[in-house]
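Have the model open beside you and follow along.

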Amino acid sequence: MELKDNKHFCILPWIHLHVWPNGKTFPCCLTPYEHDVGNANTSGLKGVWNEMPMKQLRLNMLNDKPSPSCERCYEHERNGYDSLRINANRDYKHWIKYALSDTHSDGSVDEMKLVYLDIRFSNLCNFSCRTCGPELSSGWHSDSLALGNINESYPKFQRLRNTAEDLWDELEPNLQYVEGIYFAGGEPLMMEEHYKLLEYFIKNNKTNITINYNTNFSTLKYKDKDCIDLWKQFERVRIGASVDGMGERGEYIRQGFDWAKFESNLQRFKKELPNLDFYISCTLSIFNAFHMPDFHRYMIVKNYIKPADWDVNVLLFPEHYRFQILPEPYKTKFIDTYQQMLLYLQNQPGTGRAVSGYSSAINYMKEQDLYTSHIDKFKDITEKLDTIRNQNFKKTFPEFKL
């Protein structure tokens, strides 16, 4: 069987590692937390590269066998969504011959080549979004303590290695291979390592790489550095603003978000970098299930984005925040609302990505009912966090009467 016909092959285990601030390492950013492949703090990046979990994963893929760590991509694909696996195989198809030629019979690969970089250097973040937690947001620490999810010994700030320099000696030899970077957080625009990498690539005339961001877009400056000045020097920069709603709904979902500040930053960005690829990476959860289409329309009408510049990022975990937990008749209302949005997009040019996202969301909602049992957990956690944060879900989202 040729790899192009293989339903389980993904190029990422040959060109990529995804590392969290606590050192836990995964084949990619969609891997469930319990399916890590090692720890970069204890084993180093190169050590993890050929530990047993990575070797077995490569063998599974070459033999077209499913792997538990890849279930989220399989789920995306069952529902008509372009998965990370599909996108990676498309963007890095020229590395597939490397997977075939350089893989030993035990699944090991001698040389680590990090072609696609996605390292979460720290959990430093000025937000505490409802769908996040203390592992990837320092802002979550006090709320997690209040909820009893962590104890006093849990560190507020987590950083991969002790300083930016600690990791650099291991990372720098791989930078010659880098073709794409995904910066996410924490909040990447607040991290020293982000700027160190950009300045390295500028200094070494490697500005033709593709740089992708998932950022809350709350700040465009760090110390004496300005993101816009740096982005102007690269050929391909894609800014995915991680925003889940406008006004008070957006501020509720992403604690720390300031809607007025976001619009101000976006207006400056559009003025100075009008041709740069900017899109909204909107995480679809129960919170914004009915708000998302209105938010999308607003961004189009204000000319902030083109209709296609909308990524419906379906939340899969934690399960009690999935939009599929909604009971009837909310499910029917959801499907009707999204079908109306699809009709609206039909009259707009070049809306393939957005249409695919909304269509996939409908397919998710029509799936076998596996999640409505989580509604009680959602209500319990939401009420507790509302008390801690002095917020009110029912007042902010009057469309729900759960």
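I started with Arg249, which counts as partly exposed because its relative accessibility is 21%; the class runs between buried, under 20% relative accessible area, and exposed, over 50% (1.4 Å probe, protein chains only). Before going on, I noted that this is a predicted model, where local features need pLDDT of at least 70 and side-chain atom pairs count only at pLDDT 80 or more, while totals for chains, interfaces and linings use all residues. Residues are numbered from 1 along each chain as its sequence is written, and side-chain values use heavy atoms, with hydrogens and water left out.

**Salt bridges**

Which residue does Arg249 meet in a salt bridge? I found Glu399, at 2.9 Å from N to O; the term asks for a side-chain nitrogen of Lys or Arg within 4 Å of a carboxyl oxygen of Asp or Glu. Arg249 lies in helix α11 and Glu399 in the segment after α17, so this pair ties together parts 150 residues apart in sequence. Helices here are DSSP runs (H or I, at least four residues), strands likewise (E, at least two), numbered from the N terminus. At 17% relative accessibility, Glu399 counts as buried.

Next I looked up Lys225 and Glu199, whose side chains form a salt bridge at 3.0 Å, N to O. Lys225 sits in strand β9 (residues 225–226) and Glu199 in helix α9 (residues 192–203), so to speak distant parts of the chain, 26 residues apart. Lys225 is partly exposed at 22% relative accessibility, and Glu199 is partly exposed at 35%.

Asp118 and Arg120 gave me another salt bridge, with the closest N and O atoms 2.8 Å apart. Buried or exposed, I wondered, are Asp118 and Arg120? Both are buried.

I also noted a network of salt bridges linking Asp226, Lys232, Arg268 and Glu272. The count of salt bridges comes to 25.

**Aromatic pairs**

My count of aromatic pairs came to 42, with rings of Phe, Tyr and Trp (its six-membered ring) pairing if their centres lie within 6.5 Å. Tyr252 and Phe393 have ring centres 6.3 Å apart and planes at 55 degrees, so I logged the pair as tilted; planes under 30 degrees apart count as stacked, over 60 as edge-to-face and the rest as tilted. Tyr252 lies in helix α11 (residues 247–253) and Phe393 in helix α17 (residues 393–396), so the pair ties together parts 141 residues apart in sequence. Tyr252 and Phe393 are both buried.
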